[in-house]
Amino acid sequence: MDSKQQLVKLSDGHFIPALGYGTYKPDEVPNSETLEATKVAIDAGFRHIDTAYAYQVEEEVGLAIKSKIAEGRVKREDIFLTSKLWCTFHRPELVQDSLKTSLKKLGLDYVDLYIIHFPVPLKPGEEIFPTDEQGKTLFDTGDICATWEAMEKCKDAGLAKSIGVSNFNRRQLEKILNKPGLKYKPVCNQVECHPYFNQSKLLDFCKSKDIILVAFGALGTQRDKKWMDLSFPVLLEDPVLCAIAKKHNRSPALIALRYQVQRGVVVLAQSFKEKNIKENVQVFEFQLTPEDMKAIDALDRNLRYLPAKFTEGHPECPYADEY
């Protein structure tokens, strides 16, 4: 991989860039913006792109990557691309076909990382969020270990170089790690993580098992009213973050990203603004002091911006446990 990105070694021997570009977008943002912003991100030096079936932008992400390959800006092997298995495809017989659908949309032969998006299975079908007449989520029954075995087959088939999970708690990670006949353990667990919700217990657990924590919502999320309570405080306006930013002559966003890098967390940054995208890659150009890190650690208030309410009521709702 080129570019001045720091690489983190995964337990299966592959390397993931420590900074990734996130491609989730609120409904009101047109898909064409994802296409243009992903191109800008690659030009700026991002080599890790994170997407998902449920974001419904895989075509645009694939087009952006392919256009940069065609320009000679990058080769396919320079890009670390993640996509995710959606909850309606947890049944083992659906897993590989779902990945093939994603690859077809992306226009690529493989993803570098394929992860289970949530540990909660939903009713299979075309709907991303299947609900009954009352608007209640339609769950499916399933065994996460059986889903994981199907993920292992995706790796064996060469469709995904690495496999991992997202939004799993400790108990759910242990269920896979302790599975009889486990062939590959999850290389990562992608979770909401930022100074107001620093996930220190989950991070320590993951480190003890050689599982990389990947942080989404690291800048306090895009404040999408569909998913969060807009009365929650704005992370990047935090006085402590702003003071540290001023001291280093950097933006509060860069401080929030650097905090994660120094904790050994792989961090995703999302923006549609060219100026911000270009700024975010500067995360490797400076260091926070131990005092800075301590001050940011102290901001933790166990504030989850994105509670994924659609998972509530399912026995595998990941947020019922402490971590």
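Student: Where is Thr141 found?

Tutor: Thr141 sits in the loop between strand 6 and helix 4, where helices (H or I, at least four residues) and strands (E, at least two) are DSSP runs numbered from the N terminus. Before going further, please keep in mind that this is a predicted model, in which local features need pLDDT of at least 70 and side-chain atom pairs count only at pLDDT 80 or more, while totals for chains, interfaces and linings use all residues. Residues are numbered from 1 along each chain as its sequence is written, and side-chain values use heavy atoms, with hydrogens and water left out.

Student: Is Thr141 buried or exposed?

Tutor: With a relative accessible area of 71%, Thr141 is exposed; the scale calls a residue buried under 20% relative accessible area, exposed over 50% and partly exposed in between, using a 1.4 Å probe and protein chains only. The C-alpha atoms of Thr141 and Gly13, which are 128 residues apart along the chain, are separated by 34 Å.

Student: What does UniProt place at residues 19-300?

Tutor: The unreviewed UniProt entry places the feature "domain: NADP-dependent oxidoreductase" there, at residues 19-300. UniProt positions are given in the numbering used here, feature names are shortened, and annotations may be inferred rather than shown by experiment. Over residues 19-300 the chain is 38% helix and 14% strand, and the end C-alpha atoms are 22 Å apart.

Student: Which residue does the "binding site" annotation cover?

Tutor: According to the unreviewed UniProt entry, the "binding site" annotation covers His117. In the model, His117 is placed in the loop between strand 6 (111-116) and helix 4 (144-156), and at 7% relative accessibility His117 counts as buried.

Student: What does His117 touch?

Tutor: If residues up to four places away in sequence are not counted, His117 touches Ala52, Ala54, Tyr55, Lys84, Leu85, Trp86, Ser166 and Asn167, with contact meaning heavy atoms within 4.5 Å.

Student: Let's pick up Asn167 from that list; what is its phi near?

Tutor: Phi of Asn167 is near 60°, a positive value in a residue other than glycine. Asn167 lies in the loop between strand 7 (160-166) and helix 5, and at 3% relative accessibility Asn167 counts as buried. Gln199 also has a positive phi in a residue other than glycine, near 55°; Gln199 is found in the loop between strand 8 and helix 6 (200-208) and is buried, with a relative accessible area of 11%.

Student: How do helix 5 and helix 6 pack, at what angle?

Tutor: In general, two packed helices are described by the angle between their axes and the distance between the axes. Helix 5 and helix 6 pack at an angle of about 15°, with their axes 11 Å apart, and that makes helix 5 roughly parallel to helix 6. Axes are lines fitted to C-alpha atoms, for helices over the stretch in contact, and angles run from 0 to 180 degrees between N-to-C directions; those under 35 degrees count as roughly parallel, over 145 as roughly antiparallel, 65 to 115 as roughly perpendicular and the rest as oblique.

Student: Which residues make the contact of helix 5 and helix 6?

Tutor: Helix 5 contributes Arg170, Leu173, Glu174 and Leu177, and helix 6 contributes Leu202, Phe205 and Cys206. By class, the contact of helix 5 with helix 6 has five nonpolar, no polar and two charged residues, where Ala, Val, Leu, Ile, Met, Phe, Trp, Tyr, Cys and Pro count as nonpolar, Asp, Glu, Lys and Arg as charged, and the others, Gly among them, as polar.

Student: And what about helix 7 and helix 10, at what angle do they pack?

Tutor: Helix 7 (residues 239-248) and helix 10 (residues 290-297) pack at an angle of about 160°, with their axes 10 Å apart, and are therefore roughly antiparallel to each other. The contact is made by Val240, Leu241, Ile244, Lys247 and His248 of helix 7 together with Asp292, Ala295 and Ile296 of helix 10, and these residues divide into five nonpolar, one polar and two charged.

Student: New topic: where does Thr38 lie?

Tutor: Thr38 lies in helix 1 (residues 31-44) and, at 0% relative accessibility, counts as buried. Leaving aside neighbours within four places in sequence, Thr38 is in contact with Tyr21, Thr23, Ile49, Val61 and Ala64.
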